[in-house]
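Dear colleague,

I am handing over the structure we spoke about, and below it you will find what I found when I went through it. Please read the notes with the model open beside you.

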Amino acid sequence: MMVVFLGPPGSGKGTQAQRLESDHNFYHFDTGSRLREEAASGSELGERIAACINAGNLVPLDVIRELIVKFFDGSIPARVMFDGFPRNLDQAKVLSAALDSRGLQLSQVIYIELEQAALLARIANRRVCEHCGTIYNITTNPPFGPCPAGYPGCALTQRKDDSPEVFKQRLKVYMNETLPVLDYYLERDLLRRIDGDRTIDAVYASVVEILELPEHAAT
Ligand code: AMP
């Protein structure tokens, strides 16, 4: 099963994806995290990537294409969820070509919709654990208990690109480049919309319903 999560920055794609990963054994293909890892490595490529991320712009297509080609060249897990990809029409075509080359198809494209005012509030309150990468919201979804990476608690940091200025640019990029991807999948009869302005549990219930999965993992 191959699934794409689309939605503006802050709509909750990553949170839902992390939940599907732990409950239903989805492989979480998260371009943002992969790119941040490369950026943190200090390599020459990493510096180019960091400049794009910190400015709120998309990383060039050749970098993304390489990630995708590498993934489809390997052994592909039974359940894959693409989070943060594709982000423009060119990337959507790269994904279609990669799927075709392996005789695979997308099962669903889930679009999480949210108004701009709600996005701004979420981004301002978003924190990420620097050890385990879990995404939190300091008002609606704070951490409790030990960090899944084995620390006594999660160490929360704010992403640099969650500053109000960079966020504004990310939203602009989303409107100009990512929105046309919705039509691409609408034309292919793959797009399912869900209201993202609800609790994490309520959004998750819609996600699992669309994917025809049980809400909770079998124990
Ligand atoms: P995210 O973690 O999905 O919010 O992505 C953070 C940043 O990583 C974006 O603002 C882009 O700079 C970069 N990025 C993530 N995914 C992509 C992608 N598919 N194409 C281009 N840039 C990306």
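K168 lies in helix α7, where helices (H or I, at least four residues) and strands (E, at least two) are DSSP runs numbered from the N terminus. K168 is exposed, with a relative accessible area of 62%; here buried means under 20% relative accessible area, exposed over 50%, and partly exposed in between, with a 1.4 Å probe and protein chains only. Although 48 residues separate K168 from L120 in sequence, their C-alpha atoms are 9.0 Å apart in space.

Before going further, please note that this is a predicted model, in which local features need pLDDT of at least 70 and side-chain atom pairs count only at pLDDT 80 or more, while totals for chains, interfaces and linings use all residues. Residues are numbered from 1 along each chain as its sequence is written, and side-chain values use heavy atoms, with hydrogens and water left out.

D162 is found in the loop between β7 (156-157) and α7, and D162 is buried, with a relative accessible area of 3%. Leaving aside its neighbours within four places in sequence, D162 is in contact (heavy atoms within 4.5 Å) with I123, R126 and R170.

As for the chain as a whole, it holds eight helices and eight strands, and 43% of its 219 residues count as buried. A compact globule of 219 residues would have a radius of gyration near 17 Å, and the chain, at 17 Å, agrees with this; the radius is taken over C-alpha atoms, and the globule rule is 2.2 Å times the number of residues to the power 0.38. Of the contacts between residues at least 6 apart in sequence, 71% join residues at least 24 apart.

In soluble globular proteins, nonpolar side chains tend to be buried together. Leaving aside neighbours within four places in sequence, L95 is in contact with V4, F72, F82, F85, P86, L106 and Y185.
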